[in-house]
Amino acid sequence: MEGPARPYTNFIPPYLKESVGKWKTHKVLEPGIIEHLDTSGNKIYTVRVASTPNGRYSTETMRKISAIARKYAGASMRFTGGINMEFVTKDLNDAISLKTEMEDLGFPIGGWDGHLWNMTSCAGYFHCALAATDAPSILQNLANNLGKYFNKEELPAKLTISSSGCPSSCGNSFLTDISISGIHTEIPIVTPEVSKCDLQGTAYTCPVGAIQLKQLPDGSRTLEIRANLCIGCGLCVGACGGIIFETPEKTDGHAISIGGKAVPSRVGTTLGRVVVPYLPNEPPYYKKTVAVVTRIIETWKKDARKGERIADWVDRIGWESFYEKTGLPFYGQSMEYLDVRGMMTLRDGGTR
Ligand code: SF4
Ligand code: SF4
């Protein structure tokens with residue numbers, strides 16, 4: 001946007017402007033309603049509302065949400081980084097009324113302290129050619145089954161869940177406590193059509209350097225994919241029509257990772273580790289995926305100490321114990337290597 005810099009405070013309600021930079025403390029009054037106190041004794045109230053897992057709304061719904069914001073929250077609201085909705089009211093009664101009206105629209109209120117904070121996904125199949133799984137639909141099924149953790153049943157600590165259609169992780173996978181990542185389990189194949197592509201440029205798209213230029217006996221050049229390095233991200237397939245997955249409908253699926261978080265507490269910022277390397281895509285309900293995620297949450301809930309996020313809990317009990325307690329199959333690799341590359345390694349039973 002061009003023009004002179006404008007302070008962001010131009011866009012917030014007057015009762016919030018008065019306290020900007022003077023906050024003293026806050027407390028959760030009930031799931032989803034947070035009271036903030038400034039140094040002059042002024043109070044305001046944040047109402048936190050769950051979003052749709054993909055952050056996708058009809059304009060009709062957005063108009064209803066806007067009307068509620070106009071009525072109770074100074075005609076203003078925001079989406080958090082985890083795509084929850086947040087409204088700020090001046091009065092507690094307005095916060096309570098806003099909560100009731102948003103619940104009537106079907107949006108649960110909560111997501112704070114020891115609860116499920118947010119669920120986010122990338123666009124997946126909606127408009128991305130690289131997707132190996134229907135990330136928004138998987139997340140919607142998880143939301144349908146895990147809603148009680150957003151505002152009713154308490155968990156040991158904050159829980160975030162995400163899903164991405166492929167290992168590129170646009171849905172923020174690997175930095176959430178539990179994440180689903182689509183995976184193409186085939187190694188893509190190079191067809192003669194590859195000659196129509198920018199070979200060097202296509203090779204550069206590979207994030208792990210698995211594509212190399214190759215000279216053919218007739219002097220022409222082609223590309224070669226090193227199967228032992230390929231993580232099935234599909235970026236080369238998106239970049240060049242001459243590289244294809246042969247039977248993605250049979251071989252695409254998704255992996256489950258746990259233990260990602262982007263905060264300095266306890267064991268610090270951690271990347272998620274792949275604990276289930278492959279589950280088939282089974283729409284519409286993805287029952288196996290929902291069952292595995294539910295089992296992980298239930299085990300963590302029962303076994304973790306208060307304040308331990310999933311990464312902290314596993315750090316204390318160890319990976320072996322994690323597999324024993326959850327009953328998930330253990331593949332025998334060192335957990336140090338269970339990053340995105342581990343998806344492919346584990347998929348083949350560690351033979352690659
Ligand atoms: S994570 Fe993959 S499928 Fe999802 S938007 Fe990014 S590239 Fe597309
Ligand atoms: S699928 Fe991804 S990792 Fe495999 S060769 Fe293509 S770009 Fe590289």
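Trainee: Where is Pro284 found?

Mentor: Pro284 is found in the loop between strand β14 (residues 273-280) and helix α9. Helices (H or I, at least four residues) and strands (E, at least two) are DSSP runs, numbered from the N terminus. Please bear in mind that this is a predicted model, in which local features need pLDDT of at least 70 and side-chain atom pairs count only at pLDDT 80 or more, while totals for chains, interfaces and linings use all residues. Residues are numbered from 1 along each chain as its sequence is written, chains are lettered from A and ligands numbered from 1 in the order in which they are written, and side-chain values use heavy atoms, leaving out hydrogens and water.

Trainee: And the peptide bond between Pro283 and Pro284, is it cis or trans?

Mentor: That bond is cis, with omega at about 5°. Most residues other than glycine have a negative phi, and most peptide bonds are trans.

Trainee: Then which residues other than glycine have a positive phi?

Mentor: Ala75 is one of them, with phi near 55°, and Ser169 is another, with phi near 60°. Ala75 belongs to the loop between α2 (59-72) and β4 (78-79), whereas Ser169 lies in the loop between β7 and β8.

Trainee: Are Ala75 and Ser169 buried or exposed?

Mentor: Ala75 is exposed, since its relative accessible area is 53%. Ser169 counts as buried because its relative accessibility is 16%. Buried means under 20% relative accessible area, exposed over 50%, and partly exposed in between (1.4 Å probe, protein chains only).

Trainee: What about Ser168, then?

Mentor: Ser168 is found in the loop between β7 (159-164) and β8 (178-184). With a relative accessible area of 35%, Ser168 is partly exposed. Its C-alpha is 9.8 Å from that of Ile183, at a sequence separation of 15 residues.

Trainee: Which residues are around ligand 1?

Mentor: Both of those serines are among them: the residues are Cys122, Cys128, Leu130, Ala131, Ser164, Gly165, Cys166, Ser168, Ser169 and Cys170. To be near a molecule, a residue needs a heavy atom within 4 Å of it. By class, this shell has six nonpolar, four polar and no charged residues. Ala, Val, Leu, Ile, Met, Phe, Trp, Tyr, Cys and Pro count as nonpolar, Asp, Glu, Lys and Arg as charged, and the others, Gly among them, as polar.

Trainee: How many residues are around ligand 2, and which come nearest?

Mentor: There are 13 residues, of which Cys206, Cys230, Cys233, Gly234 and Cys236 come nearest. The shell around ligand 2 divides into 11 nonpolar, two polar and no charged residues.

Trainee: Changing topic: which residues touch the most other members of the largest nonpolar core?

Mentor: They are Leu142, Ile161, Ile178, Ile256, Ile296, Ile297 and Phe322, in a core of 33 residues. Helix α9 (residues 287-303) supplies the largest share, six residues. A second, separate core of 21 residues includes Ile33, Met85, Met102 and Phe107. A nonpolar core is a set of buried Ala, Val, Leu, Ile, Met, Phe, Trp, Tyr and Cys residues joined through side-chain atoms within 4.5 Å. In soluble globular proteins, nonpolar side chains tend to be buried together.

Trainee: What does Ile296 contact?

Mentor: Leaving aside neighbours within four places in sequence, Ile296 is in contact (heavy atoms within 4.5 Å) with Ile178, Ile256, Ile258, Val275, Ile310, Phe322, Thr326 and Leu328.

Trainee: Is Ser257 buried or exposed?

Mentor: Ser257 is buried, with a relative accessible area of 1%. Ser257 lies in strand β13 (residues 252-258). Not counting residues up to four places away in sequence, Ser257 touches Phe174, Asp177, Ile178, Ser179, Gly272, Arg273, Val274 and Val275.

Trainee: And where are Thr191 and Lys196?

Mentor: Thr191 is found in the loop between β9 (189-190) and α6 (199-205), and Lys196 also lies in the loop between β9 and α6. Thr191 is buried at 17% relative accessible area, while Lys196 is exposed at 66%. Beyond four places in sequence, Thr191 touches Gly242 and Ile244. The C-alpha atoms of Lys196 and Gly242 are 7.4 Å apart, although 46 residues separate them in sequence.

Trainee: Finally, how many helices and strands does the chain have?

Mentor: The chain has 12 helices and 14 strands. Its C-alpha trace spans about 80 × 55 × 35 Å along the principal axes, and buried residues make up 48% of its 352 residues. Of the contacts between residues at least 6 apart in sequence, 65% join residues at least 24 apart.
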